[in-house]
Amino acid sequence: MSTCRSQICNPKLGLDDWIDPKVTLSIRQEMQKMILDNETLKVISALLLDNIERGLKKDTHPKSIVKCFPTYVQDLPDGTEKGKFLALDLGGTNFRVLLVELDGTNCNIESKIFAVPLDIMTGPGERLFDHIAECLAQFAFEQGVMDIRLPLGFTWSFPLIQKGLTVGIAERWTKGFSCSGVIGNDVVQLLNEAIARRGDIKIDVCAILNDTTGTLMSCAYRNPDTRVGLILGTGTNGCYVEKQKNAEMFDEPDMGSGNVIINMEMGAFGDDGCLDFIRTDIDLAVDAQCINAGRQLHEKLISGMYLGEMVRYYILKFINRGLLFGGKGADLFSKQESFSTKEMTQVEMDSPGSYKIIREILTKIGLTDVSDEDCINVRFICECVSRRAAHLAAVVLVTVMHKMGEKRVVVGIDGSVYKYHPHVRRYMIQKIRELLDPSIKFDLMLSEDGSGIGAALVAAVAARKRREMQ
Ligand code: BGC
């Protein structure tokens with residue numbers, strides 16, 4: 001390759017055709033640890049499989065890191081689900097209340113978003129549940145369903161030990177939440193108590209579920225081959241349909257399907273140090289500033305809450321070494337969250353050779369003298385961060401698909417990183433193709449409002465099952 005520049009031909013750095021040859025050599029070298037080759041990804045897959053097995057088995061579950069909680073959801077929708085349901089969706093900085101109407105083929109949704117202010121996210125649990133109950137009452141009033149006792153599905157997007165379809169013990173907080181008095185308690189009971197304190201709304205909690213389960217269910221409603229649910233949003237997690245005989249923590253009689261959905265909670269993967277060999281100094285820095293430092297380490301490599309921060313730390317590091325913006329502007333990147341995952345997503349929207357959006361973003365942040373080379377380097381940093389996240393997410397899917405052994409699998413996916421990033425889906429598909437047994441056919445399906453429709457569907461399927469058993 002006579003035209004290739006020295007950094008691209010450097011045998012230590014490898015030949016990656018996606019990397020702009022104009023990226024500064026030292027930046028390229030420093031970012032190398034973020035570029036995971038397929039051999040490394042296969043090692044991670046083997047580690048994850050081992051973690052999943054340990055979570056599923058009775059003997060090893062208590063000490064397991066990837067908990068693989070049984071969800072008590074055993075049946076997928078069959079398309080006959082009908083009725084009106086309320087749904088609550090708590091899992092990020094926003095909280096949503098929904099009224100979902102299923103008619104067998106379609107669903108109609110009315111919903112309202114409420115903010116969860118920081119002081120509620122980190123205050124006493126009672127305040128959080130009072131806030132939820134207040135939002136629910138306000139919404140029920142606006143929708144004119146205040147006096148009807150509607151079935152409700154509660155999407156709780158945090159680790160949850162389920163003891164039944166309507167009993168869920170909060171196991172830990174993630175994503176910046178840390179309300180006191182919740183961990184170790186049944187969140188359905190906490191919700192019912194908050195509703196009783198108000199005394200003005202009637203509900204019947206029919207199901208508590210994780211957002212991954214909701215995502216799987218909402219996609220299964222549209223495509224019966226759906227077997228996996230994945231969230232790539234503020235946080236990350238996955239669930240899949242496991243054979244009941246392998247789910248040793250699920251001590252229930254076989255109700256017919258022989259399966260149960262497993263909520264992997266694989267965001268905790270690596271919390272025992274097994275992923276330390278891929279973590280960079282920047283990963284350590286991002287983790288160290290979190291209220292849950294040392295925990296959810298896999299999630300911190302992948303999800304929206306952390307990607308922008310990673311980019312910020314790299315930019316800061318390269319400014320301080322005089323490799324970006326002529327060594328100026330460190331103050332603009334020194335504040336936590338001064339560069340967001342949304343901005344990282346936008347940086348990657350420019351077409352190759354164009355620096356329009358990148359320049360706009362950098363100018364908005366306050367940089368005045370941005371060269372084309374700066375733009376190329378900033379885009380490269382963003383690409384390294386988002387590609388690694390996508391490849392690690394791809395590894396999760398490959399691992400689970402190999403484990404399930406089905407020949408055709410649809411994966412339902414939701415979450416802002418997957419939905420809004422211009423290339424994450426493509427990066428994932430490409431990597432899955434490289435790593436997956438070629439006899440398995442897969443499809444990635446965007447879930448339309450999985451947490452809302454999924455909650456209604458879990459409640460509806462449970463109601464159908466109850467009818468069938470009577
Ligand atoms: C939580 C999971 C959730 C995921 C996506 C993680 O932080 O532990 O329960 O599914 O975020 O919302």
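**Reading the model together**

Reply: Buried means under 20% relative accessible area, exposed over 50%, and partly exposed in between (1.4 Å probe, protein chains only). This is a predicted model, in which local features need pLDDT of at least 70, side-chain atom pairs count only at pLDDT 80 or more, and totals for chains, interfaces and linings use all residues. Residues are numbered from 1 along each chain as its sequence is written, and side-chain values use heavy atoms, with hydrogens and water left out.

Me: Where is Gln289, and which residues is it in contact with?

Reply: Gln289 sits in the loop between helix H8 (281–288) and helix H9 (299–302). Helices (H or I, at least four residues) and strands (E, at least two) are DSSP runs, numbered from the N terminus. Contact means heavy atoms within 4.5 Å. Setting aside neighbours within four places in sequence, Gln289 is in contact with Glu309, Arg312, Tyr313 and Gln336.

Me: Is Ser157 buried or exposed?

Reply: Ser157 counts as buried, at 5% relative accessibility. Ser157 is in the loop between strand E5 (150–156) and strand E6 (160–164). Beyond four places in sequence, the residues Ser157 touches include Thr174, Lys175 and Asp211.

Me: Which residues come nearest the ligand?

Reply: A residue is near a molecule if one of its heavy atoms lies within 4 Å of it. Of the 15 residues around the ligand, Thr174, Lys175, Asp211, Glu265 and Glu299 come nearest. A polar contact is a pair of N or O atoms within 3.5 Å. A side-chain N or O atom of Asp211 is 2.5 Å from a ligand oxygen, and for Glu299 the distance is 2.6 Å. Glu265 has a polar side-chain atom 2.6 Å from an oxygen atom of the ligand. The protein covers 98% of the 310 Å² of accessible area that the ligand has on its own (Shrake-Rupley method, 1.4 Å probe).

Me: How do I check a helix such as H16?

Reply: The expected span is 1.5 Å times one less than the number of residues. The 20 residues of H16 (450–469) should therefore span 28 Å, and the end C-alpha atoms are 27 Å apart, which agrees. Because 15 of those 20 residues are buried, H16 is largely enclosed by the rest of the structure.

Me: What about confidence?

Reply: pLDDT is the predictor's confidence in each residue, from 0 to 100. The chain averages 93, and 97% of the residues score at least 70. Over residues 1–11, pLDDT stays under 50. Where pLDDT is low, the predicted coordinates should not be read in detail.

Methods: A polar contact is a pair of N or O atoms within 3.5 Å; within protein, one must be able to donate a hydrogen and the other to accept it, and residues adjacent in sequence count only if both atoms are side-chain atoms.
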